[in-house]
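Me: I have a model open and would like to learn how to read it. Could you take me through it feature by feature?

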Amino acid sequence: MAGVGPISQDWEPVVIRKKAPTAAAKKDEKVVNAARRAGAEIETVKKSNAGTNKAASSSTSLNTRKLDEENENLSHERVPTELKKAIMQARMDKKLTQSQLAQMINEKPQIIQEYESGKAIPNQQIIGKLERVLGAKLRGKK
């Protein structure tokens with residue numbers, strides 16, 4: 001081992017500490033009792049709604065009251081009777097089935113069924129496709 005310098009070692013102590021206690025750990029009963037025994041000051045704060053099953057605002061909220069007072073019946077617009085009859089008549093004149101018509105406009109047969117039964121929500125794009133394929137005016141004045 002000739003030619004190797006003196007070997008030095010670092011003899012400084014290494015201190016490994018635990019993490020500081022979290023907020024939950026500070027509230028632990030054992031920790032509070034140990035602090036009392038040590039004579040440390042302990043602050044207790046009572047929360048206003050602690051231990052109750054009430055919402056943060058005990059009164060009825062404004063939105064809830066508005067919804068309760070609301071008497072308007074909201075529903076989607078449906079296909080009008082004139083439109084569904086016009087679609088059926090134009091399809092019959094062309095001697096097409098619902099599925100054939102659906103295939104011609106690249107939609108599912110169920111869509112045509114819904115339009116002819118009046119259950120569909122009117123879509124201007126689909127109505128435009130139907131007008132083009134059936135060659136009949138379905139929207140607006142006749």
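Reply: Happy to. This is a predicted model, so local features need pLDDT of at least 70 and side-chain atom pairs count only at pLDDT 80 or more, while totals for chains, interfaces and linings use all residues. Residues are numbered from 1 along each chain as its sequence is written, and side-chain values use heavy atoms, with hydrogens and water left out.

Me: How many helices and strands does the protein have?

Reply: Helices (H or I, at least four residues) and strands (E, at least two) are DSSP runs, numbered from the N terminus. Here there are seven helices and zero strands, giving the order α-α-α-α-α-α-α from the N terminus on.

Me: What share of the residues is buried?

Reply: Buried means under 20% relative accessible area, exposed over 50%, and partly exposed in between (1.4 Å probe, protein chains only). By that rule, 17% of the 142 residues are buried. Helix 2, residues 29–38, is hardly covered, with one buried residue among its ten. Just after helix 2 comes Gly 39, with a positive phi of about 90°.

Me: Where is the largest nonpolar core, and which residues have the most contacts inside it?

Reply: A nonpolar core is a set of buried Ala, Val, Leu, Ile, Met, Phe, Trp, Tyr and Cys residues joined through side-chain atoms within 4.5 Å. The largest one holds 18 residues, and Leu 101, Tyr 115, Leu 130 and Leu 138 have the most contacts inside it. At least two residues of this core come from each of helix 4 (81–93), helix 5 (98–104), helix 6 (109–117) and helix 7 (124–134). Helix 7 gives the largest share, five residues.

Me: What does Leu 130 touch, leaving aside neighbours within four places in sequence?

Reply: Contact means heavy atoms within 4.5 Å. Leu 130 is in contact with Ile 87, Leu 101, Ile 105, Ile 112, Gly 135 and Leu 138, once neighbours within four places in sequence are set aside. For the protein as a whole, residues 24 or more positions apart make up 51% of the contacts with a separation of 6 or more.

Me: And Glu 131: is this residue buried or exposed?

Reply: Glu 131 sits in helix 7 and is buried, at a relative accessible area of 17%. Not counting residues up to four places away in sequence, Glu 131 touches Ala 136, Lys 137, Leu 138 and Arg 139.

Me: At what angle do helix 4 and helix 7 pack?

Reply: Axes are lines fitted to C-alpha atoms, for helices over the stretch in contact, and angles run from 0 to 180 degrees between N-to-C directions. Helix 4 and helix 7 pack at about 30°, with axes 10 Å apart. Angles under 35 degrees count as roughly parallel, over 145 as roughly antiparallel, 65 to 115 as roughly perpendicular and the rest as oblique. Helix 4 and helix 7 are therefore roughly parallel.

Me: Which loop holds Lys 95, and which holds Asn 106?

Reply: Lys 95 lies between helix 4 and helix 5; its phi is near 55°, a positive value in a residue other than glycine. Lys 95 is exposed, with a relative accessible area of 74%. Asn 106 is in the loop between helix 5 and helix 6, has a positive phi near 60°, and counts as exposed at 67% relative accessibility.
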